[in-house]
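Please keep the sequence and the structure in view while reading.

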Amino acid sequence: MTSVDEPARTGARTRDAARTQAEILDVATREFARAGYDGARVDEIAAQTRTTKRMIYYYFGGKEQLFTAVLERAYGVIREAEQELDVDHLDPVAAIRRLAELTFDHHERHPDFIRLVSIENIHDAAHIASSEMLASIGSPALDVIRRILEEGQRTGLFRADVDAVDLHAMISSFCFFRVANRHTFGALFGRDLVAPEQRDHYRAMLGDMVIAYLTAERSAV
C-alpha cells in the first residue's frame, strides 16, 4: 500500500536531483571554461559540488556527455532570450538594432559561453554534432532577422540582396570578438574592448555598422 506521503517524497527527490544536476552544470561550466575540455577533470568538478564523481557519471554518463550538457544549457540561454525578443512593434531599423543589442548584451554577460564556444571549435564542433538537442534547436534569431529583412526590403529601407545567415554572422562576430579577444587586443593595441566606459560606444557602433551594411548601395564587382 502506498503511503500518502510517498508523492511528496517523490517530488522532493525529483527537486533534489534537479538541484544537484544544476549545481553540477554550474561548476562544470566554470571548470570547462577555465581549463578547456582536455584540462577539465571530473574529480575537480565533483570536489567543488556537494556530490560525488559517481553521481556525476550517474546523471550525465561521463566527461564527454557532461561537456555536451554544458554546451546545451549555454546555447539554450541565448536561444531562450532570442525567442522572448519582441520587435514586431518596431520599425525595421530599430528592430535590427535591438536584435544586435541583444547579442551584444548576452555575450558580454556570459564570457564563459564565449570560452566554451571557442573550446568547442578547437574540437571541430564534435559535441554539438552529437547532440540531438543542439541539432534541432536552430536559432530563433534567424527567424527574427528574416522577418525584419523582409519588412525592411518591402518598404525600401534595406537592400534586397542581404542574406539572414550572413547578417547573423556579422552581428555575432563583432560581439564574440569583443569578449574573446579582449586580452590579446588590449596587449597589442592598448585598448580594453569591454571597459565599462566604452560599452555604450561599442554597442552603438555595432548597430550603426549593421544599419550601414543594410542600407548601403551594392557596389559593382
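## Charges over rings

The charged end of K63 lies over the ring of Y37, 4.8 Å from its centre, where a charge is taken to sit over a ring if NZ of Lys or CZ of Arg is within 6 Å of the ring centre and within 35 degrees of the ring normal. The charged end of R159 likewise sits over a ring, that of Y213, at 4.7 Å from its centre.

The model is predicted, with local features requiring pLDDT of at least 70 and side-chain atom pairs counting only at pLDDT 80 or more, while totals for chains, interfaces and linings use all residues. Residues are numbered from 1 along each chain as its sequence is written, and side-chain values use heavy atoms, with hydrogens and water left out.

## Aromatic pairs

The structure contains 7 aromatic pairs, a pair being two rings of Phe, Tyr or Trp (its six-membered ring) whose centres lie within 6.5 Å, with planes under 30 degrees apart called stacked, over 60 edge-to-face and the rest tilted. One of them joins F32 and Y37, whose ring centres are 6.1 Å apart and whose planes meet at 10°, so this pair is stacked. Y58 and Y59 form an edge-to-face pair, with 5.4 Å from centre to centre and 65° between the planes.

F32 is buried at a relative accessible area of 1%, and Y37 is buried at 15%. By contrast, Y58 is exposed at 63%, whereas Y59 is partly exposed at 23%. F32 and Y37 also belong, together with F67, to one aromatic cluster.

## Annotated regions

The unreviewed UniProt entry carries the annotation "domain: HTH tetR-type" for residues 18-78; UniProt positions are given in the numbering used here, feature names are shortened, and annotations may be inferred rather than shown by experiment. Over residues 18-78 the chain is 85% helix and 0% strand, with the end C-alpha atoms 21 Å apart. Helices (H or I, at least four residues) and strands (E, at least two) are DSSP runs numbered from the N terminus.

Helix α9 (residues 140-154) packs against helix α10 (residues 164-180) at an angle of about 115°, with the axes 9 Å apart; axes are lines fitted to C-alpha atoms, for helices over the stretch in contact, and angles run from 0 to 180 degrees between N-to-C directions. On the α9 side A141, L142, I145, R146 and L149 meet A164, V165, L167 and H168 of α10, contact meaning heavy atoms within 4.5 Å.

D143 is also placed in α9, and D143 counts as partly exposed at 44% relative accessibility. D143 and Q83 are 60 residues apart in sequence, with their C-alpha atoms 9.5 Å apart in space. Helix α11 (residues 182-189) is hardly covered, since the count of buried residues among its 8 residues is 0, and α11 is followed by G190, whose phi is positive, near 70°.

## Overall fold

The protein has 12 helices and 0 strands, and its C-alpha trace spans about 75 × 50 × 35 Å along the principal axes. Of its 221 residues, 39% count as buried. Among contacts between residues at least 6 apart in sequence, 69% join residues at least 24 apart.

Conventions:
Buried means under 20% relative accessible area, exposed over 50%, partly exposed in between (1.4 Å probe, protein chains only).
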